[in-house]
Number of protein chains: 2
Amino acid sequence: MDNNSRNLLLTLRYDGLSFHGWQYQPNCRTVEDELKKAIKRILGEEAKLQSCSRTDAGVHANMFCCNFRTDNQRPTDKIILGLNAVLPDDIAVYGCEEKEAGFHARYDCRGKEYIYKIWNAKQRNPFFNGYALHFSRELNEKRLDEIAKGFVGTYDFSSFCASGCAVKSMTRTIFDCSVRREGDMINFSVHGDGFLYNMVRIMVGTLLDISDKKINEPVIRIIEAKDRNRAGVTAPACGLYLNQVFYE
Amino acid sequence: MDNNSRNLLLTLRYDGLSFHGWQYQPNCRTVEDELKKAIKRILGEEAKLQSCSRTDAGVHANMFCCNFRTDNQRPTDKIILGLNAVLPDDIAVYGCEEKEAGFHARYDCRGKEYIYKIWNAKQRNPFFNGYALHFSRELNEKRLDEIAKGFVGTYDFSSFCASGCAVKSMTRTIFDCSVRREGDMINFSVHGDGFLYNMVRIMVGTLLDISDKKINEPVIRIIEAKDRNRAGVTAPACGLYLNQVFYE
């Protein structure tokens with residue numbers, strides 16, 4: 001048997017409320033650490049996980065992908081069942097797929113979709129404590145949808161990146177961005193080829209500041225300024241969900 | 001000022017996961033007890049609550065109604081804000097309305113709608129632990145919807161009442177009953193003029209037993225038998241939501 005003859009891509013869902021994000025940190029409860037412990041119990045191996053991205057503390061995932069190499073020959077459906085039997089209730093794996101040897105969950109990722117949930121009613125909703133931002137002032141979803149279209153395109157998104165973030169290029173392409181209402185819930189969704197640190201949360205905070213007339217310039221001007229101070233606040237983590245991860 | 005000059009109807013939502021149901025019980029955390037404590041703090045009174053119904057431990061409410069009499073003259077919107085400021089996170093009030101002196105949340109109720117949520121996918125969903133039944137075998141929602149139509153009408157529903165339940169009449173009218181799928185979530189909803197103890201959960205358990213071919217007779221035969229043993233299991237509390245309460 002070759003060393004690490006299989007490259008397995010796991011697809012999972014997690015409720016981020018009780019996690020300090022995806023990435024391993026000593027003395028913190030993280031999704032990566034819980035998943036590695038589960039793999040160790042089921043396959044008897046220390047897996048080295050390559051993930052599609054990281055998520056911050058309190059951010060949720062309807063879809064999150066990571067791959068790891070293993071010699072274990074257990075069938076993929078048995079791996080899913082085994083992992084879910086030992087994972088804590090707030091993580092569940094729902095996909096396990098064999099990929100080619102060179103596949104990497106981050107480098108081969110072609111895009112991601114995030115959703116940000118805003119409970120837009122006067123009173124808070126007990127089912128969404130930690131699962132949506134409560135915003136009590138009235139939001140006009142049609143107007144916000146038009147404004148959100150200003151994010152679509154290929155731009156240097158420095159204005160929408162947390163300060164101190166060090167990446168080679170701040171240029172990203174947003175394929176689509178929309179705001180929809182379902183009853184009292186507003187769903188902001190954005191699909192792009194990649195995202196800067198806190199980018200979606202700053203986009204949402206900016207839309208809310210525009211709605212509140214704290215910001216009075218079009219999104220394209222804020223983008224062109226390449227200045228974090230021109231954009232709005234960083235919306236809290238609780239409303240953010242990594243919703244889809246796209247590969248070839 | 002007259003004694004108890006106002007009769008206030010409160011509308012609330014609660015996440016039932018951490019409650020031993022609505023009704024006060026000594027040494028148990030109940031919604032009624034938490035709401036009475038909040039009213040005491042905000043209005044300084046021991047309220048006597050008249051509720052639209054009770055809910056069991058673990059059952060949720062998107063809408064629950066109760067009324068109480070008070071001499072306090074605080075405006076209704078201020079009462080809502082005050083209560084939500086002191087209520088625990090898993091309860092929120094979103095309506096407070098003045099009703100005529102004789103109004104009673106249970107006796108004046110003209111109907112209720114319940115929803116039962118079933119997460120129908122092979123793997124569990126971390127966001128619905130305690131908020132939906134996980135049922136991993138495939139469900140045919142179109143067929144279940146047709147079967148569910150068999151509950152519509154005015155019948156003696158003894159077969160769908162927990163044994164030991166003592167009420168004068170077992171006759172109830174079901175106005176509508178349907179099964180719909182949204183992705184991997186199946187929503188069973190039922191609207192009736194009243195419900196017997198555990199009635200909705202036994203209806204759902206019966207549909208699942210029919211789907212599993214553990215029960216092989218039409219709903220109307222089970223109703224006509226007036227025999228709890230002919231119906232299916234009682235589905236767990238976690239998937240059940242009181243969704244609407246109707247008054248004149």
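**A first look at chains A and B**

B:R110 is partly exposed, with a relative accessible area of 40%. That residue is a handy starting point for this predicted model, where B:R110 pairs with B:E248 in a salt bridge whose closest N and O atoms are 2.8 Å apart.

**Salt bridges**

- Across all chains, the whole structure holds 30 salt bridges.
- The bridge between B:R110 and B:E248 connects distant parts of the chain, 138 residues apart: B:R110 sits in the loop between β4 and β5 of chain B, and B:E248 in the segment after β10.
- B:E248 is exposed, at 80% relative accessibility.
- In another bridge of chain B, the side chains of B:R180 and B:D145 come together at 3.3 Å, N to O.
- Because B:R180 belongs to strand β8 and B:D145 to helix α3 of chain B, this pair ties together parts that are 35 residues apart in sequence.
- Of these two partners, B:R180 is partly exposed at 47%, while B:D145 is buried at 14%.
- Over in chain A, A:K40 and A:E46 form a salt bridge of 3.2 Å, N to O; A:K40 is partly exposed at 40% and A:E46 is exposed at 60%.

**Helix α3 of chain A**

- This helix spans residues 141-148, and its buried residues are A:E141, A:L144, A:D145, A:I147 and A:A148.
- Among the elements covering the buried residues are β8, β9, α4 and α5 of chain A.
- Where α3(A) starts, a side-chain oxygen of A:N140 comes within 3.1 Å of the backbone nitrogen of A:K142.

**Where the chains meet**

- Contact involves 26 residues of chain B and 26 residues of chain A.
- Together the chains bury about 1,800 Å², with 57% of that on carbon and sulfur atoms.
- B:Q123, B:R124 and B:F127 provide 39% of the area chain B buries against chain A, more than any other three residues.
- There are zero salt bridges between chain B and chain A, but 14 residue pairs are in polar contact across the interface.
- On chain B, the elements giving two or more residues to this side are β1, β3, α2 and β4, and β4(B) gives the most, with four.
- By type, the residues on the chain B side are 15 nonpolar, six polar and five charged.

Definitions and conventions. Residues are numbered from 1 along each chain as its sequence is written. Chains are lettered from A and ligands numbered from 1 in the order in which they are written. This is a predicted model: local features need pLDDT of at least 70, side-chain atom pairs count only at pLDDT 80 or more; totals for chains, interfaces and linings use all residues. Side-chain values use heavy atoms; hydrogens and water are left out. Contact means heavy atoms within 4.5 Å. Buried area is the accessible area (1.4 Å probe) that two parts lose on being put together, summed over both. A salt bridge is a side-chain nitrogen of Lys or Arg within 4 Å of a carboxyl oxygen of Asp or Glu. A polar contact is a pair of N or O atoms within 3.5 Å; within protein, one must be able to donate a hydrogen and the other to accept it, and residues adjacent in sequence count only if both atoms are side-chain atoms. Ala, Val, Leu, Ile, Met, Phe, Trp, Tyr, Cys and Pro count as nonpolar, Asp, Glu, Lys and Arg as charged, and the others, Gly among them, as polar. Buried means under 20% relative accessible area, exposed over 50%, partly exposed in between (1.4 Å probe, protein chains only).
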